[in-house]
Amino acid sequence: MVAALLALMYPVALLLGMPLARQRMENLSNWERATVAALPVAEADASGSRLPLGSSPAVDAVVSGLQGGSAVLVRGAEVLATGVTIDGTEAVLPAPLSGPAARLGASLEPVAGPTDMSGRVYALPESAPPGAPLYLDGSLLVSGSLSATERADGARVRFTVPGLADALADQTDTAVAVVGAAAVLEGSGFEREGDIVAFASAPAFNAPVRLITGDYAPLDEAAGTIVLASPTSEAPRVAMEHVAVVEGLTGTYDGENRDFRLQHVPLLERDPGRRLYVGDRELLSGDERPAERVDGTLRVFTFASDHGLVTVDGRQLVEGSDYERDGNVVTFAAAPARNAALRQHPDYLVSDASTGTITLAAAPAPGEPVWAGSYTYYARPGCGATAFECFLSMPQHPVPFPNWVAERIVPFFTAYPFSDSRNVIRATLYTAAGTLVSLAFGTLIGVLLAVLFVRVRPFERALLPWVIASQTIPVIALVPVLVAVLGNMGVTVQTSLVPAAIVGAYIAFFPVTVGTVTGLRSVDPLALDLMKAYAASPLQSFLKLRFPAAVPYLFTSLKLGAAAALVGALVAEVESNNRLGLGYAIIGQVQAGDVADVWILLVISALLGIGLVSLVGLLQRLVAPWERTGLAGADGDG
Amino acid sequence: MAPAVTSPVISVRAVDMVFRVGKGEAVALEDANLEVMDGDFVSLIGPSGCGKTTLMRLVADLVEPTAGEITVAGKTPRQAREDREYGYVFQAPVLYEWRTVIANVTLPLEIMGHPKGRRRERARELLKMVGLERFERSYPWQLSGGMQQRVSIARALAFDPKLLLMDEPFGALDEITREAMNLELLRLWQETRKTVVFVTHSIAEAVFLSSRIVVMTPRPGRIREVIEVDLPYPRTAETRESERFFELTTQVREALRGAPHGGGAAPSAAEQPLQRTAGY
């Protein structure tokens, strides 16, 4: 039975979770991004028609794009050669390159710091061009790091760095982490296991946490410092000028075509780091807004540039039919709708990010290459390669797998010592105590009312409508009133059993009253005649006949009352902000979004309910040993 | 040992009983007259609706008559009830299911305030008498119907009333159990010398048990005839096979059917005291 229920939870968890996982996977904002950058030649003094590009995961990714497109060799923004092909890890030029691939500047200055960081931290010279590659002993250093998924909150010490285990699989040196603008070493500053990194001291609030996976990583951008993965005695040198292989865009270079494509897609629509060039000229990637407000009637707008592509709400307009241009003044055939997004893209726009298509404002001259200095694209879903992986990595599942819940059980119960009020068992006992107290009160009130109703008929007529009306008031609305009243009476409701006891009693007394009245009236008329024949007093008749006859009914309603009183006690705990009981724990976990813990609490509550009802059953067996059945109550004579 | 023939234990004179049924009325009993002497075993027999049970309930003061006069042991029925003059055995055993067998038997003693030790002693005696001493700790549902009814008889005898009112106590039992119970009841009656009023609709049972049979007819409930039963005591299983038994059952059956009869009843009434004396 339990096993079947648990087994059923798996398909239910998948049924409810997979659509969310699929959404999560398809949402581009969750994808990992990767940047395609110009590939500097790996050897500073390389020349001739074959230039080494080196090999690293980052380089391989770019090279794979170059193989599909057409590579271009550039120095800075100057095109040196087009029609470059890739052969393994080498770029093959149509004509040999004369002179070295990179002209190196002065050595970097070592930065003084902790002794264990000596030989790792260097400062770039101020004269270094931005983003210039570094060479160590003539060989290119590859920059690379991976970021942690969690944000530093000042307290967290464990971080997940997806892909870290794979990236550092071959690394035997101690790993280096960059926390904010400081570098820390594995062993002294942190420990790592798989993709998990545990720091010795918690990174400061909002400090970016990265792990170096390449040869080096920027350390403090403002100070122009870098940190190397491995210490060196010789300082690296920065390339003052260097040649690089870049991705040429594919398309028809006929002097008329303006649509070209990038290889790595989908593109980021807005990418401040995207640098595209036509020949030696860099294209402006921004767009311009008109000087005038788009009010729905105005047709003439002024832009900063006198050229470019015009779009309205992302839709490209055609010059000549949709609008006429006179310098930087554009006149529309029809006024754009009020508040429409009217933009001019001076040089190009991304016309289809999913296929990597860009449209240039002016067609390049024949033979003039269009090439990308750098751009960013969505590389892969951040949550995993398949929807199922995304399902598994979801931080919150609508319904968790039972084994996940099972894994949480021990830590859940042992998270706090029993002396701590956050201990689950302690909280459970607290709520159980509240419920039992409320049940005792509820039973007392219920039985007294029932006796009153049966003995004094006018009482029933006068009070019964009120008793019924009392049960139509939702407890959730009642508790705040109760809390206010108790607060005024000086009761500290946050740490008091009183609200739970009152609310539980308020709920539990009703079934007890109804059950007891039914029981007291259920007496066999012949049994009453017997009492009469014995000339028994009314009190004797009540104690020896009516009351014992009502006991099974009383217990049946007490079982209903126990379950209801528990719910009442939980609601009261939550609404009186009492953190000592189970009710607050449930709400706390729901708000924290820990579904597995919520399920554990759900099972605990259910077990508590079953336990309370069983306790009533046990009491029944002690008090009413003549009973043959559990829940059914009395069934007349034997 | 002859019965004392001083004053009747029960005297019913010109009693009418009318129940309101909805807006109309139902006459349960009309002009009922009956005297039950000390030591009598009187059976009330008749078809359903003839007022047998009503007559019993009137005697027991469980209902009050519309008209007429009833005395029980020379008192009003109410006084007699309050003085606990009679024990009553209902159609159903009416055992309290939350009490063990022995606690059911001690119930009247508890109510009447007998001392605790004495109560249990008395209850054990009675359970032994009805053959249920081994079941004193059982709950009623653990007993068969016949056993339950024996417990209810023991309970009725618990406080040793002189008069025992039994309303179809064996009605729900099968024939075999019933005959065994009949023998047992006769034995009890002879041992305890009580006056018994016994409601039944079994002719054989009435003839076998009674010293007198009151034959009643329905719509409206009336006492048609009182038949003296002159079968000798002690009666045994063989009594049922005697010729006189068949004659008497025939006489009762005819009385029930409303057939006219000769002076058969008169001589037997005259003979009856003699016969009974001879029986002892």
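## A guided tour of chains A and B

Begin by selecting Val215(B), which stands opposite Glu225(B) in strand E9(B). The model is predicted: local features need pLDDT of at least 70, side-chain atom pairs count only at pLDDT 80 or more, and totals for chains, interfaces and linings use all residues. Residues are numbered from 1 along each chain as its sequence is written, while chains are lettered from A and ligands numbered from 1 in the order in which they are written.

**First stop: the strands of chain B.** Helices (H or I, at least four residues) and strands (E, at least two) are DSSP runs, numbered from the N terminus. Display strands E8(B) and E9(B), which run antiparallel and are joined by six bridges; two strands pair if DSSP finds at least two bridges between them. Four residues lie between the strands of this hairpin, where Arg219(B) takes a positive phi near 45°.

**Second stop: helix H8 of chain B.** Select residues 243-257 of chain B, the 15 residues of helix H8. The expected span of a helix is 1.5 Å times one less than its number of residues. H8(B) should therefore span 21 Å, and its end C-alpha atoms are 21 Å apart, which agrees.

Which residues of H8(B) are buried? They are Leu248(B), Gln251(B), Val252(B) and Ala255(B). These residues cover an arc of only 95° around the axis, so they are on the same side of H8(B); the arc is that of the directions from the helix axis to the C-beta atoms. A residue is buried if 20 or more other C-beta atoms lie within 10 Å of its own, exposed if 12 or fewer, and partly exposed in between, with C-beta atoms placed from the backbone.

The face turned away from the buried side carries the exposed residues Glu243(B), Thr250(B) and Arg257(B). On the buried side, the packing partners are strand E3 (41-45), helix H7 (203-209), strand E8 (212-217) and strand E9 (222-228) of chain B. After H8(B) comes Gly258(B), whose phi is positive, near 90°.

**Third stop: the nonpolar cores.** A nonpolar core is a set of buried Ala, Val, Leu, Ile, Met, Phe, Trp, Tyr and Cys residues joined through C-beta atoms within 7 Å. The largest such core has 141 residues, and Val252(B) of the previous stop is among those with the most contacts inside it, as are Val503(A) and Val59(B). Helix H11(A) gives this core its largest share, 17 residues. A second, separate core of 94 residues includes Val36(A), Leu146(A), Val350(A) and Ile358(A).

**Fourth stop: where the chains meet.** Show both chains: 20 residues of chain A are in contact with 19 residues of chain B. Two residues are in contact if their C-beta atoms, placed from the backbone, lie within 7 Å. On the chain A side, helix H10 (525-533) and helix H11 (538-575) are the elements that give two or more residues. H10(A) provides the largest share, six residues.

**Last stop: helix H12 of chain A.** Select residues 582-592 of chain A, where the buried residues include Leu582(A), Tyr584(A) and Ile586(A). The buried residues of H12(A) pack against helix H6 (424-455), H11 and helix H13 (595-623) of chain A. Gly593(A) follows H12(A) and has a positive phi, near 75°.
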